[in-house]
Amino acid sequence: MEGDVPTVSSVLTELVAEAAERAGHGGVLDEVEPARPASDPRFGDYQSNHAFRLGRALRTNPRAVAEAVRAALAEHPGVASVEVAGPGFLNFRLDDGWIGARLGEMVRDPALFVEQSGAGRTVVIDYSSPNVAKRMHVGHMRSTIIGNTLDRLYRATGWRVVADNHVGDWGTQYGKLIVAWRRWLDREAFEADPLGELERLYVRFGREAEADPALLDEARAETAKLQAGDPENRALWERFRAVSLEEFEAVYERLHVRFDETLGESAYHDELAGTVQALLDLGVAEESEGAVVVKFPADEVEGRRFKGLADTVLVIRKKDGAFLYGTTDLATLEYRRRTWAPDEVVYVTDVRQQLHFKQVFAAWRRWARARGLDPDRPSLVHTWFGMLVLPEGSMSSRKGNVVRLVDLLDEAVRRARAVVDEKSPHLSEAERARIAEAVGVGAVRYADLSQNPQSNVTFDWDRMLALDGNTAPYLLYTHARCRSLLARAAGEGAEVGEAVRIGEPLERELALRLLRFPEAVSLALAHGRPNLLCDQLYETANVFNRFYYEVPVLRAGDAATVASRLALVEAAATVMRRGLELLGIEVLDRM
RNA sequence: GCCCCCGUAGCUCAGUUGGAUAGAGCAACGGCCUUCUAAGCCGUGGGUCCCAGGUUCGAGUCCUGGCGGGGGCGCCA
């Protein structure tokens with residue numbers, strides 16, 4: 001729709017922008033501070049703090065600026081009143097009729113008014129990326145879940161998304177594994193639990209090699225044979241890879257994660273030598289101490305984004321001629337550029353790789369310039385998240401304290417099942433199993449998503465698997481309550497209204513909260529922080545449950561009120577459903 | 001040594017990038033089911049936002065210096 005400004009925030013922001021211009025402050029700032037929900041209901045529904053910005057720029061009293069902007073505000077059907085408060089806040093109170101109508105329009109919009117900021121644009125998202133020949137553990141969870149949710153948020157805002165699982169399927173560990181396989185394979189164990197056996201072989205190799213260093217030479221030789229295309233080693237490697245991907249896929253399916261591509265490190269093996277040569281030829285890289293490196297002298301490092309990069313070095317070819325993951329990252333980026341011409345490439349990894357990606361991004365930009373390409377396209381984003389640590393410290397397969405991802409999911413579902421059996425014994429066995437799966441897996445996803453990704457998390461079973469409070473089951477329950485009410489309404493032949501008519505304060509609060517959904521989606525994506533969407537859904541659920549408790553729907557009395565309230569309930573169900581979908585949590589109609 | 005991140009209620013964490021009187025969940029205590037799902041709702045108690053300065057109309061948020069914790073830093077990923 002041409003010129004349409006869908007969200008409440010954008011409507012009011014636009015109004016303020018026009019008023020500021022009319023008040024003679026048009027060119028003062030290039031951006032208008034977005035209107036936001038009021039920090040306290042006493043201050044109205046929404047507030048604009050733009051007058052402070054203007055006041056600072058004009059070196060005048062912000063209160064006076066606010067008065068001037070207020071006086072210049074155009075009439076708008078959505079705005080019931082505007083007040084200037086305190087040192088220069090503009091407080092808006094919205095019109096009840098407009099809120100109800102607006103909500104009706106929002107739920108009829110397939111995008112729920114979510115701004116389609118990515119329309120016509122392509123993003124490659126690189127996430128999850130576990131190493132082949134090992135089982136996935138909880139350390140892989142954050143990249144997988146956060147990455148997948150960003151994937152969903154990008155799609156919701158109109159982007160074309162290429163989700164790429166850049167698995168670690170190449171490197172020296174396969175030579176070791178081949179040696180170990182030939183010496184110590186327990187074929188029965190492999191049949192029963194392929195990755196378990198591969199892990200055991202890998203650990204055994206490490207132990208044996210300590211006593212007999214000659215094994216390392218043997219492994220190096222096998223790696224070299226593999227990379228030279230030796231058919232026997234190649235077949236073994238392919239087998240390791242195949243059983244791994246099969247097992248990963250089972251976990252992804254339970255987590256509702258789906259990739260468009262699984263192009264691991266091995267896919268770029270043949271490009272690495274050429275990449276290094278190109279970087280040398282273009283003067284992006286240089287030889288140093290026998291290796292090939294990209295240097296970042298302090299005086300060449302550009303801007304705040306590259307803070308901490310100064311005087312560091314990225315090695316892209318070792319003294320012995322071998323390549324490193326930085327080399328692969330650059331070759332991969334070049335492949336992505338050629339293949340999908342993305343506007344943006346997002347890497348979702350933990351905080352430890354910050355410096356690495358600053359280096360890769362800076363090296364890429366230099367490479368792009370040297371070839372006459374636009375260094376800003378694709379724009380490169382490293383969305384990092386904090387470490388997941390166990391209460392007793394770091395997790396390592398050597399210490400044997402890893403928590404496998406499937407075990408976490410199984411335990412979550414087991415606990416959820418106990419609650420379902422207790423609360424809903426009347427449901428069929430099959431339905432209870434389905435609910436337990438959705439609740440358990442949803443709880444795990446939500447536990448991760450609902451906190452700021454950049455915080456470190458200490459792994460805690462009880463917290464991760466909590467089923468009440470601010471959790472996935474709470475959101476699922478709220479949605480199920482909505483659906484239950486609507487199902488009963490259908491049974492009684494009650495009409496669901498076209499529009500919502502605001503009456504009770506809780507109807508108003510719920511409608512306003514629902515209208516914030518598209519703002520929350522944009523905010524979550526802009527900051528790369530799914531927890532902002534979680535907060536919104538949690539608040540929505542809380543308001544709905546208070547509404548549900550205090551305001552009768554089916555027993556409201558007159559048919560018009562029943563119809564209006566049912567429309568509100570349906571709007572709540574729609575928003576909760578879409579929100580849960582964006583978080584990758586399977587939605588339930590009953591529980 | 002240099003660089004990055006963090007320090008908020010007993011515990012786990014939010015805090016919309018500088019906005020109005022700092023909020024949730026858990027745990028504790030008290031209340032609400034003859035009415036639409038009590039996996040719910042309401043209430044009570046709980047704070048030197050690590051410390052000290054600074055910037056301004058306004059600082060948990062920004063700058064400086066400490067203290068404490070985590071992570072990274074040329075041939076691992």
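Which residue has its charged end over the ring of tryptophan 367? In this predicted model, the answer is arginine 371, with its charged end 4.1 Å from the ring centre. A charge is taken to sit over a ring if NZ of Lys or CZ of Arg is within 6 Å of the ring centre and within 35 degrees of the ring normal.

Residues are numbered from 1 along each chain as its sequence is written, while chains are lettered from A and ligands numbered from 1 in the order in which they are written. Because the model is predicted, local features need pLDDT of at least 70 and side-chain atom pairs count only at pLDDT 80 or more, totals for chains, interfaces and linings use all residues, and side-chain values use heavy atoms, with hydrogens and water left out.

The overall picture of chain A comes next. Its secondary structure comes to 21 helices and 13 strands, where helices (H or I, at least four residues) and strands (E, at least two) are DSSP runs numbered from the N terminus. Along the principal axes, the C-alpha atoms of chain A fill a box of roughly 85 × 65 × 40 Å. Of the 591 residues in chain A, 50% are buried; buried means under 20% relative accessible area, exposed over 50%, and partly exposed in between, with a 1.4 Å probe and protein chains only.

Serine 9 belongs to helix H1 (residues 8-25) and is buried, with a relative accessible area of 11%. A polar atom of the serine 9 side chain lies 2.7 Å from the backbone oxygen of alanine 35. Such a polar contact is a pair of N or O atoms within 3.5 Å; within protein, one must be able to donate a hydrogen and the other to accept it, and residues adjacent in sequence count only if both atoms are side-chain atoms. Glutamate 238, found in helix H10 (residues 231-255), counts as partly exposed because its relative accessibility is 43%.

The strands can be followed through their pairings, for which DSSP must find at least two bridges between two strands. Strand E3 (residues 79-85) and strand E4 (residues 89-94) run antiparallel and are joined by six bridges, with valine 84 opposite leucine 90 in E4. Three residues lie between these strands in their hairpin, where glycine 86 takes a positive phi near 55°. Further along, strand E7 (residues 286-288) is joined to E8 by three bridges, again antiparallel. Serine 288 has alanine 291 in E8 as its bridge partner. Two residues separate E7 and E8 in their hairpin, and glutamate 289 in the turn has a positive phi of about 50°. Strand E8 (residues 291-296) is mostly covered, with five of its six residues buried. E8 also pairs with strand E9 (residues 312-317) in the antiparallel sense over five bridges, and lysine 295 has valine 313 in E9 as its bridge partner.

Aromatic rings make another set of contacts. Rings of Phe, Tyr and Trp (its six-membered ring) pair if their centres lie within 6.5 Å; planes under 30 degrees apart count as stacked, over 60 as edge-to-face and the rest as tilted. By this rule there are 17 aromatic pairs. Tyrosine 154 and tryptophan 159 form one that is edge-to-face, at 5.2 Å centre to centre and 85° between the planes. Tyrosine 154 is buried at 8% relative accessibility, and tryptophan 159 is buried at 8% as well. The rings of phenylalanine 357 and phenylalanine 361 have centres 5.8 Å apart and planes at 45°, so this pair is tilted. Phenylalanine 357 and phenylalanine 361 are four residues apart in helix H13 (residues 354-370), and therefore about one helical turn separates them. Both phenylalanine 357 and phenylalanine 361 are buried. Tyr127, Tyr252 and Phe259 form one aromatic cluster.

Glutamate 265 places a polar side-chain atom 2.7 Å from a sugar or linking oxygen of RNA strand B. A backbone N or O atom of lysine 319 lies 2.8 Å from a base oxygen, and one of tyrosine 548 lies 2.8 Å from a base nitrogen.
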